[in-house]
Amino acid sequence: MLDKNGIAKRIAKEVKDGYYVNLGIGIPTLVANFVREDISVEFQSENGVLGMGPFPFEGDEDADIINAGKQTITTLPGASFFDSATSFGMIRGQHVDLTILGAMEVSETGDIANWKIPGKMVKGMGGAMDLVASAENIIVAMMHTNRAGASKLLKKCSLPLTGVGCVKKIITNLAVLEVVPEGFLLLERAPGVSVSEIKNATEGTLIVSRDIPEMKI
């Protein structure tokens, strides 16, 4: 089973040389810490940053340099800062190659709910709806179950949707799954996790079509 850093490390393997990548709030922000040093990647944040680096070490933080989640960040040589209108122009113009988002729920048809729990106060929907409407390659980073042990990979989302039919791949603490027309196709299992454990933690249709290899991270 993976922790949050393990999920981020596995997702980093999906990042290719030359990609422009948007990192959502939560686990996705950790991905920048694990990208291979021999490839060139530009991380974009919708608050107006292009060229984010790993999180700063304690004591090296600059409170004026933050990501969309208001976490302090570092920037790489050549990084640029701009207004949010320009940032969303990049997103809506489909200039981002990969979007990595957190989620509270994902349905077997690729719907995602990640912005609101009814009855709880939220500051706003943020940029996630623009991201899911514009991106062609969306990977979700999430825990497979909630704190009560209930599945977050569902037949149908129960929370307000952020986007419909947009998620391509999901990487959780238990597995790597691809969204296909028939449901969740199991591609890999986390170290020490059995296929039966993944089945028990997945409410939506789980497709196991072959021997499932263990993740290499």
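**Chatting through a predicted fold**

Visitor: Where is the place of Gln94?

Guide: Gln94 is in the loop between helix H2 (84-92) and S5. Helices (H or I, at least four residues) and strands (E, at least two) are DSSP runs, numbered from the N terminus. Before we go on: residues are numbered from 1 along each chain as its sequence is written, and side-chain values use heavy atoms, leaving out hydrogens and water. This is a predicted model, where local features need pLDDT of at least 70 and side-chain atom pairs count only at pLDDT 80 or more, while totals for chains, interfaces and linings use all residues.

Visitor: Got it. What's the phi of Gln94?

Guide: Phi of Gln94 is near 60 degrees, which is a positive value in a residue other than glycine. Gln94 is also partly exposed, with a relative accessible area of 46%. Here buried means under 20% relative accessible area, exposed means over 50%, and partly exposed is in between (1.4 Å probe, protein chains only).

Visitor: And S5, which strands does it pair with?

Guide: Strand S5 (residues 98-102) runs parallel to strand S1 (residues 20-23), joined by 3 bridges. S5 also pairs with S8 in the parallel sense, over 4 bridges. Two strands pair if DSSP finds at least two bridges between them. For partners, Val21 has Leu98 in S5, and Thr99 stands opposite Ile138 in S8.

Visitor: Is S8 covered on its faces or left open?

Guide: Both faces of strand S8 (residues 138-141) are covered. Ile138 and Val140 are buried on one side, and Ile139 and Ala141 are buried on the other. S8 also pairs with strand S10 (residues 169-171) in the parallel sense, over 3 bridges, and Ala141 stands opposite Ile171 there.

Visitor: What's the strand order in the sheet of 10 strands?

Guide: The order is S4-S3-S2-S1-S5-S8-S10-S11-S12-S13, in an open sheet with mixed pairing. S4 and strand S13 (206-207) are the edge strands, each pairing on one side only.

Visitor: And the sheet of 3 strands? What order does that one have?

Guide: That open sheet goes S7-S6-S9, also with mixed pairing. Strand S7 (112-113) and strand S9 (153-154) are at the edges with a single partner strand each, so one side of each has no neighbour in the sheet. Strand S6 (residues 105-107) runs antiparallel to S7, with 2 bridges joining them, and Glu105 stands opposite Ala113.

Visitor: New topic. Which residues touch the most other members of the largest nonpolar core?

Guide: Val31 and Ile170, out of 59 residues in that core. Strand S11 (residues 175-180) supplies the largest share of this core, with 5 residues. A nonpolar core is a set of buried Ala, Val, Leu, Ile, Met, Phe, Trp, Tyr and Cys residues joined through side-chain atoms within 4.5 Å.

Visitor: What is Val31 in contact with?

Guide: Skipping its neighbours within four places in sequence, Val31 is in contact with Ala8, Ile11, Ala12, Val15, Leu23 and Ile100. Contact means heavy atoms within 4.5 Å.

Visitor: How many disulfides does the structure hold?

Guide: It holds 0 disulfides, a disulfide being a pair of cysteine sulfur atoms within 2.5 Å. The sulfur of Cys157 is 9.5 Å from the closest cysteine sulfur, in Cys166, so that is too far for a bond. Cys157 counts as buried at 12% relative accessibility, and Cys166 counts as buried at 7%.

Visitor: Last one: is Gly51 buried or exposed?

Guide: Gly51, found in strand S3, counts as buried at 3% relative accessibility. Gly51 and Pro77 are 26 residues apart in sequence and 7.7 Å apart in space, C-alpha to C-alpha.
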